[in-house]
Each structure stands twice: as C-alpha cells, then as structure tokens.
Amino acid sequence: MLGLDPNKKFRLRVFYKKLNSLAYLSQLELARALEYSIRRSGLPFALSNGFSPHMKISFGRALSVGVESNCQIFDVFLTKYINDKQALDVIKENMPKNLLAYDAKYVDDNEKAASDAFSQNWYQATVDTKIEKIKLPKEITVVRKKKIKILDVEDFLIGDVSIKHIDRNNSMLDFCLQIKTSGSLKPDVFVKNVLESSGYSDAKVLKLLLYKAI
Amino acid sequence: MDNIFDKIKPCLFEIKKASRYIGGEFNAPIIDANSDNFNFCMCYPDIYDIGQSNQAVKILCNKINEIDGFAAQRSYLPDPDAQKVFENNGISMFSLESFSPLCQFDAIGITVSHDLLATNILELLHFAKIPIRSKDRNNQHPFIFGGGPMYCNPEPYHAFFDIITIGEGEIATINCIKELKRLKDKGLSRQDILHKLSVMDSIYVPSMYKIKNNEHLVQTVFDDVPKKIKKAVYKDFHSSSAYDNCIVPFTELVHNRVNVEILRGCARSCRFCQAGVMYRPVRERSKENICAAVKEGILNTGYDEVSLTSLSSTDHSQIKEILQDLNDYTQGKGLRVSLPSQRLDSFGLDMAKLVAGEKKGGLTFAIEAGTQRLRDVINKNVTEDNIFSSIKYAFENGWNRAKLYFMIGLPTETDKDIIAIASLCEKILECAKESAGKKRSHNVNISVSCSIFVPKAQTPFMWDGQITFEESKRKIDLIRQNIKSRAISFGWHDPKSSFIEAVLSRGGRECSNLIEQAWKCGSKFDAWKEYFNFEAWLEAAKKCSINMEILACQNYEIGQQMPWEHISLGVDKSYFIKERNLALEEKTTQDCTFESCNNCGACKNLGIGNKICKAKK
C-alpha cells in the first residue's frame, strides 16, 4: 500500500484481570509474566532500539502487593496489524491461570501511556469483622524512601467509604482513590488506617480488589 | 489430601518473594487434592529459586504425571524467614500444585545433588512434620525416597530415607513407585513393603542392611535382599524425546531459560569426577530430536534462551551441525543458545563462531591444574596448545571475558603446580588481550575460581585425602601472591565447607548421627555462605565422637574397601585401581567414544554400550 510507513508500530492495549494468588506477585514478576505470555502467543512484537533490544511493552500503574484487580492494562507494540479478536484469543491461551485477558483493542499512538490511563481506582476491601461505622482519619503517615510523609486523605479519597455486610462475620468496604502525579495513597495503607481510626485495629483484610478504573 | 491455600494466603503478606509459594505457573500441572491418585511429591531441599532449576525434579514430575493413577507435585524449602511465618501460623510444608501438606502424600522424593544439602534434608522433614529417622515412621507417614548424586555413597543418609534409588530415576524411581502402589493397595505393612521393595533392581532400602560387629561394611538382614545393588540406566534415553514440559516460574531464577538435555554421560574419564562414572555409558540424542525440542521449548515457554545441557556438550558428535541448525533458526529472532562449560580441546574456530549468539556472555573453561604433569595425573587431557588456541579463537571473535576453573589439593600436587596456576592465568590474559586487539584489550578480564579437591566416592581418587585447612590457605595465598595483573580476579571456595563435603563424601553410617547432631546444633542451608555454621559441625562431631579429619583427609590404601562397596555404578573396582595407579605414573587414558574401549566394565555390567550419533574423529 502506498504511503504505508514500514516502521509503524501497532499499539495494542490488552485488558486483563489479576486474581487470587497472583495478587502476591511483585510488579517486576508480573511484567515478566506478561512478556512471556506475549512471546508464547507468537504475536509479532516490536523490539526497542539500542544495545540491548527488548520487547516494546508498557504497563499500567503498579498495583500494591496483595491487591487483586479486574481492570489492568498493558500496551504491546506490534510490527504488523493482527485482528484484535484473534490477538486476544491467542494471548488468552498463553496466559497463566489467574491472569485473564478479557479485551484487546488498538489505541492511537498519541493516547496517554498505560500508566497514566486512569485517574480513579475503585476498590472493595473484604474484612473479617462486622463494621458498624466508619470514622475517617484526616491524615495518613507513610514512609517513602526513609522519609516520613503526611498525606491528606481528602486529597485522595473521592466520595465516602461505603460499608456492606456480607454475612455475620465479614464486611466489605467500597471506596475510590484518586491517582495523583505527586504520589499515591495505597489502598492497603488506606484501609489499615481507616480500620484503626474506626476502632477495628484487630480486623484483618481478607481480600482487596480493584474492581473499576476510569 | 487437604488443600490449605486459604491458610497460606494470609501469611503471604508477611513474606518476601511470595511468588515462591503460590504455584499456578504457566505449564504447571493442575492436580486435584481429592482424586484417587497415588500422590508423590518431588522435593529439592533448598529454596524455590534453586530447586525449580533442578532437572531431576522436572523430569520425574513429568514422567510420573504421565502414568495413569499417579500424580506428582513439587515442593521446596521456604527461605528461613518465610518458614518461621508459616510455622507461627501452624502451616507445615506443602506442595505447589494442590497446596497439600507433605505428610499426607503417599510418597515423597528428595533429590540430593550435593552433600551440603544434608542438614536441609532434616529441616525439610521436620517442617513437613515427618519423623526424620526411617525407623520412627509408621503406616501414617509417607514413604521417603532419596536419589541424586548422593546414591554414589548413600551411607551418611541411610537413617533418613526409607528407600534410595540407585541410578537414573526414569527407571529406578518409576518402577519402584509403581510397585509401592501395588503393595500398598494390597494392604501390606510398611515393613513388608520395604522388604519387598528392597529386592527390586536398583533399589536400596537401608533398613534391610546393617553393620555387624564394629565393621564398617553393611550386610543384609534377610537372605533375599541383594548383597550388591547396581545402578539403573535409562536405556531409551537416546531415542526418547528431548522435549520435556517446562514450567515457567513467576520468580526470577538465576537462569531463565529452556534446558534441553542433549546427551547423558561423559567418557573423558577425568579421575576426580564422580558424574562421569554415575552417568556412563554415553548416550547421545540425535540432532533432529534436539533441534525439535529447542523449538518446542521456546514456543511453549516464551523464553529467549536455550541451554544445551549435559556433562560435556561440546563432545556431542553432532554439536557443530546442531549449533549450525539452531543458529539458522534463531537468526534475527532475539534468541540465544548457550552451552555449559566448554571443552578446551574441542573449542576451535568454528565452535567459537557457532556459539556466538547475539549476546556474548563469558566463556567458561575448566582447566583444573596448572601443569601438564598434573593434568595428566588427573586425566584432564588438555594441553597448553588447546588452551591458547581456544582463548585466541574466543577473544578474536568478540569475547571479552573468560572464567577459568582450577582445583587445588589434587593427588601428587606440589608447589610447582600451584605457582603454575598463577603463571598460566597471566599467560592466558596476555593471549586474550593480544587476540582481542588494541580496541578491546582494555575490556578483557579473566576471572579465576579455585575449588578444593574433594575425594568423591566411586572415582579413582576415592582413596586420596583432602588437604588440611592450613595447606589450603597456604596454597591459595601462593596463587594470590603470584597473580599480578589487575585484570585477573581470583576467588576460591571456603575450605571449611569443602571439608564438610569431604567428610560426607566418604563417611559411613556413623555420619547419620553427625548430620542429625549438626542439624540439632543449628546447621541448615550449609551451601549458603551466610548460614554455613562450621562450629555446629565441630560440636556435632564431638558429641558423636567422630573424627572428621580422618574421614576427609586420610589417605587410604588404594583398593581399600570403603563404605559404599554394596553400591555399583557398573564400573569395575579393578578399573578404579588401575586408573589410580596410572595417575601415579602420570599416564593418561583416552575417551572411549573417540578411541578404543578402556574396559571399565560399564557397558558389560549394565547391558548397554555407548550410543553415539556419528563416528568421532
């Protein structure tokens, strides 16, 4: 075809879930697992330039260890156009159990990087206690690179924390945290502080799921 | 069996590298804890990062999972911090496929690839809540199998294993567990089962043998138990597929690559080498078999590197054709083919070009001794010509780094041989720099690693003692003083851990007490620098009244009966004696796959000869 750029890369955005035991993978381990999946799929991935060429793939924002997710993304750059449904099928087949690709679509080159694609993360935290009432902390203290930082909760929390009783012994907390370029408030840290300030410091978090990202 | 993942999950928050304990890797089998299968758990007594690379675990799990009615899973020791967390939460050692406690399995296999894993075997059994001594187990407990290089002299481990498989597990272990299932289904008692298994080929049941009257050799308890146990050889190895299902770990290992076993066995006959005796005769897989396996391995794993593994891969009669085919295949795909340590006498110009790959890692050469005289004594048939031409070809063709292995404390060694190591390394560096040319010579570096000779059972040097600490230190200092160049880095193995290796390598049944005491005194992860506890071993030896110096350093009379007389690897004892005497005369023995037969007895005694694809020069 005339005018077709032979160096054009096709940016395929893959949507996947990271569930159950895979919550405990580090970001690096997850990245490698996704790379191996792409290699196994046989898709024509592009290589980066430079002395040590590697797969051109970019990942969504890193999840904290222990957090499951229904809405993760990564972008892989292909050297050839492959039908997105076919690409999705072959990626699905080659992912380990508990990494579940559910959608794939091409995005424009000038689309924001995968790590900046979303600004709001919605979480559900399952806790092993019946939570009656929430008292939000005003500030949360975190340690970042040996420095103590104080984060204002209202900078990160959008809306309220809603409570749902699953059964006699367990509750689910539902909340939305904003992602800021200046830094983030991790959901596990947030939940721990909320439980403490509400008088449930002994409560254990059984599951933490990122269920929606926009 | 139970699936205790729900109990394990909450612990994972407190543990570093939790990926080691979650299973679920790509290509891992899916195993139901509740099925009717005979459940076998294959263990490596070290952490996941190390055990998951072990070929025996991979091969046996794959083979057992192919059999109807059998299921094999994996398990590895947690790192010590993680183990504390598990123990504090009431969790005992569990498998990675169905997360079932090891104590609920029908049988457990522990592969012992070197003697510094000894105390970890006990750590594993203890964490699994299984009595560490065979005699204390009852019908509720799994049968504990041992295998791996340990079988050359299994006596130090005799108290801990119910069954030890001698030789290749594809035959010995598989046959044994099939028979074990059959006997268990018939309802026989544990004792009766062990007695019946002891009669099988290549199966050693230590409890069916005992030491009488302060002698150091074992004798059988029953008449039908064989007096000598011969190793099993997987006779179809060469025609079997080189492709093995390969699990892709989430955890980053030292090497993340596909391993394809291209041949088994090595007939170079280096006199210190136990592996060469363990795996003879030599059996090569065909070029077509290997290349197909490489391609399938890459497709099924997504790895970008393949290692062609064996004891001496450049000795494969078709190695050049294999590398040529693979080079054509990997061209432009970003894939690499690597070979373990190269033979200096087969690394010519063409090999240098073929092993290129797209990235040039370091090359590894095992020279072992500094003078031709000593190389002839140990039968390392490598000349200075071989060394310098290999270095020349390598560095002319793009390599900048080489790693050289040497051994000190070899039989008949003198200071002249020691100083020669240093001068040889200097000469090699000079040659490397010259070959690399002006542009790259400042990038050239040589790293030298020196180990201390450990007399190994079932080798011609089994009667030679290890040198003392003082001697080790003196010789290492001598080398260091004589290496002047900064482009040569010199490292050496800890003489204390080498000493323990020597003790367990030649020790007899008394060493079970030693290992148990050492473990009770706090020894574990002896192969890890940060954990090796020499004082614990000294204390244990004192408590057991064992003189470790004799076991490690004594020079026995050539031909003396040693604790492993009842174990045969197929090679006649007369051959070992002949070889040891040839060493004294500084005479060499040639590789029988190149030259004529040396009458070691292996082919005759084992009923299978060398299987070579193409005639060698």
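1. Strands β8 (residues 157–165) and β9 of chain A pair in the antiparallel sense over six bridges, where strands and helices are DSSP runs numbered from the N terminus, a helix (H or I) having at least four residues and a strand (E) at least two, and where two strands count as paired if DSSP finds at least two bridges between them. A hairpin of five residues joins β8(A) to β9(A), and L157(A) stands opposite L177(A) in β9(A). This is a predicted model, in which local features need pLDDT of at least 70 and side-chain atom pairs count only at pLDDT 80 or more, while totals for chains, interfaces and linings use all residues. Residues are numbered from 1 along each chain as its sequence is written, chains are lettered from A and ligands numbered from 1 in the order in which they are written, and side-chain values use heavy atoms, with hydrogens and water left out.

2. Strand β9 of chain A, which covers residues 171–178, also pairs with strand β5 (residues 120–127) of chain A, the two running antiparallel and joined by eight bridges. Within this pairing, W122(A) stands opposite C176(A). Seven of the eight residues of β9(A) are buried, and the strand is mostly covered; here buried means under 20% relative accessible area, exposed means over 50%, and partly exposed lies in between, with a 1.4 Å probe and protein chains only.

3. How many disulfides are there over all chains? The count comes to zero, a disulfide being a pair of cysteine sulfur atoms within 2.5 Å. The sulfur of C176(A) is 11 Å from the closest cysteine sulfur, that of C71(A), which is too far for a bond, and C176(A) itself is buried, with a relative accessible area of 0%. C600(B) is likewise in no disulfide, the nearest cysteine sulfur, in C603(B), being 6.2 Å away; C600(B) counts as buried at 11% relative accessibility.

4. In chain B, strand β16 (residues 401–408) and strand β17 run parallel and are joined by eight bridges. The bridge partner of A402(B) in β17(B) is I446(B), and that of Y405(B) is S449(B). Strand β15 (residues 363–368) of chain B pairs with β16(B), again in the parallel sense, over five bridges, and F365(B) stands opposite L404(B). Six of the eight residues of β17(B) (residues 445–452) are buried, so this strand is largely enclosed by the rest of the structure.

5. The structure holds 46 salt bridges over all chains, each being a side-chain nitrogen of Lys or Arg within 4 Å of a carboxyl oxygen of Asp or Glu. One of them joins D162(B) and R137(B), whose closest N and O atoms are 3.0 Å apart. D162(B) lies in the loop between β4 and β5 of chain B and R137(B) in the loop between α5 and β4, so the pair ties together parts that are 25 residues apart in sequence. Both D162(B) and R137(B) are buried.

6. Another salt bridge links D415(B) with R474(B), the closest N and O atoms being 2.8 Å apart. Because D415(B) lies in helix α14 (residues 415–436) and R474(B) in helix α15 (residues 469–482) of chain B, this pair ties together parts that are 59 residues apart in sequence. D415(B) is partly exposed, with a relative accessible area of 31%, and R474(B) is partly exposed at 35%.

7. Helix α15 of chain B also holds K473(B) and D477(B), which are four residues apart and so separated by about one helical turn. Their salt bridge has its closest N and O atoms 3.2 Å apart; K473(B) is exposed at 54% relative accessible area, whereas D477(B) is partly exposed at 22%.

8. Two backbone details in chain B deserve a look. A cis peptide bond, with omega about 5 degrees, joins R280(B) and P281(B), and P281(B) is found in the loop between α8 (274–278) and β12 (283–284). F525(B), although not a glycine, has a positive phi of about 45 degrees; F525(B) is in the loop between α17 (510–520) and α18 (534–544) and is buried, with a relative accessible area of 1%.

9. On confidence, the model scores ipTM 0.91 and pTM 0.94. The mean pLDDT of chain B is 94, and 97% of its residues reach 70 or more, pLDDT being the predictor's confidence in each residue, from 0 to 100.
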